[in-house]
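Let's work through a few exercises together. Keep the model open and try each task before reading its solution.

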Amino acid sequence: MTFTVVTKPTLLCLIVALTLPLSGQTKADLPDLGGNAFSTISTEKEKQLGDVMARETRGSLPMVYDPLLDEYINAIGNRLVSRANDVKFPFKFHWVNDKNINAFATLGGNITSHTGTLAIADSESEFASVMAHEIAHVTQRHIARFFEARNQQAPITLAGMLGAIILATVNPEAGMAALMATQGASAQSAINFTRGNEQEADRIGMTIMVEAGFDPYAVPNFFRKLTEQSRFLNQQLSFLQTHPLSQSRVSDTRLRAEQFPQRFIPDSQDFTLSKARVLARYHYDKADAEIVFRKKLTEPSGNTKANQYGLAIALLDNGSLDPARKLIEKLLETDEHNLYYMDVYTDILLGQKEYQRCLELLEQQYLLRPNNQVVTLNYANVALVSGAHRLAIHLLKSLLFYKSDNVLAYGLLADAYKAAGDMAKFYEARADLNYQYANYPRAIDDINEALNHLKTEEKLENRRLEAKKRQLQTEFDRLRRM
């Protein structure tokens, strides 16, 4: 699928949204978070706060909603989490469309990587090292304890804390300053706290990596590369600003890695294809991407499937459908069920208006992998474009039953209901989408619109939507007390 990056309300909208009267969507079982959410953060409360933060971040940063990349980062992340200790809740991994090298963890096991981190990684182990480091921050409760400690010095508001975290991902120096100002903390004490946790995250993260089958030597290699790159820039890389890197940290990671036997760990095909996808879609401009991948294919050992795949994406995005199709069909001959290839192939067929061929291919894949988000979203998208609105609705509702926070699914579902002429369901689906962005005012407005489109005899639906409105207001009232 080609729809990927969605930019929603800005940082200003985030802070306004948390300080003005709002309305929300559906969380009937939301426990009371208490008057001060940061005085003592239990694991349950951390998970609840993490869910709120994930939706606020989703509504404030240029997130990447790419099913293939989502599958990849969550597969790597959960492989690492399965080897970690002290895991209290499920982890979720996300992407921000940003060419800078960085990653950050928030409460509740939500970890976000910049696309630039994968673009610069020379191996899968290097990328995994960043994910393992962030996982360690969460399992050791560094973030929760940080807010608890700062709250004792000066009360923290959810709006101020979220705003500072989001700003830190865009402008690390300004964001860290805002976070310290929000908490009334001295710069020195905050830096000392961060450095101690960074070292602990390095140590535990490397152990997680080794247990998960990655190369521990990737950690000092990645640090060394970042340090060398930073020397040639006017300012530090954003990763180094939010993850202070001293010479002792580099030395410590090198010495720790040397305790393990050195062995060759090959990159997975998913890594090489995901990296090619990031480079083609999020790192280079469309015209530059085609030039870059054509050049790569002429280099010694450069005629790889990943580079062919990257070129196919670049050709597709530049509108060169016929040459893109030839490339991807050759790749499919070697691996007919590869979802990376299938995703690009169906986009090409859509561009060439071969809807029936698309539906047949995706139906076969859906039977093999029901409710896989890559297959289902592509299948639903083709169904919607070709006029099979009810099929699209069925597929999307089934997917959302298993993956209730899928932003693309809500967007497509709203489009499908609108195309089918069911305006009450259209507005309700749009309300659900706005809730995923923590855009409460629009969500409540959409529910009111849905109510307006109900027929007089639809009394059960009316009561259900009215109950949903009350649940939204209850959730917002609790958030406002934080």
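**Exercise 1.** Find which residues of H17 are buried, keeping in mind that this is a predicted model.

*Solution.* You get Leu339, Tyr340, Tyr341, Met342, Asp343, Val344, Tyr345, Thr346, Asp347, Ile348, Leu349 and Leu350. Step two: draw the conclusion. Since 12 of the 13 residues of H17 are buried, the helix is largely enclosed by the rest of the structure. Step three: look at what does the covering. Among the elements over these buried residues are H3, H13, H15, H16, H18 and H19.

**Exercise 2.** Check the span of H17 and look at what sits around its ends.

*Solution.* Start with the span: H17 covers residues 339-351 and reaches 18 Å from its first C-alpha to its last, close to the 18 Å expected at 1.5 Å a residue. Next, at the helix start, a side-chain oxygen of Asn338 comes to within 2.8 Å of the backbone nitrogen of Tyr340. Finally, past H17 comes Lys353, with a positive phi near 60 degrees.

**Exercise 3.** Describe the second largest pocket.

*Solution.* First, its volume: about 310 Å³. Then the lining: of its 15 residues, Thr272, Lys275, Lys296, Ala306 and Asn307 lie nearest the centre. Helices H13, H14 and H15 each give two or more residues, and H13 has the largest share with six. Last, sort by class: seven nonpolar, four polar and four charged residues.

Key: Residues are numbered from 1 along each chain as its sequence is written. This is a predicted model: local features need pLDDT of at least 70, side-chain atom pairs count only at pLDDT 80 or more; totals for chains, interfaces and linings use all residues. Side-chain values use heavy atoms; hydrogens and water are left out. On a 1 Å grid over the protein atoms alone, a cavity is a set of points where a 1.4 Å probe fits but cannot get out, and a pocket is an open set with protein on both sides within 12 Å along at least five of seven lines; lining residues have an atom within 4 Å of a point. Grid points are joined across faces, edges and corners, and a volume is the space filled by probe spheres set on the points. Helices (H or I, at least four residues) and strands (E, at least two) are DSSP runs, numbered from the N terminus. Ala, Val, Leu, Ile, Met, Phe, Trp, Tyr, Cys and Pro count as nonpolar, Asp, Glu, Lys and Arg as charged, and the others, Gly among them, as polar. The expected span of a helix is 1.5 Å times one less than its number of residues. Buried means under 20% relative accessible area, exposed over 50%, partly exposed in between (1.4 Å probe, protein chains only). Contact means heavy atoms within 4.5 Å. A polar contact is a pair of N or O atoms within 3.5 Å; within protein, one must be able to donate a hydrogen and the other to accept it, and residues adjacent in sequence count only if both atoms are side-chain atoms.
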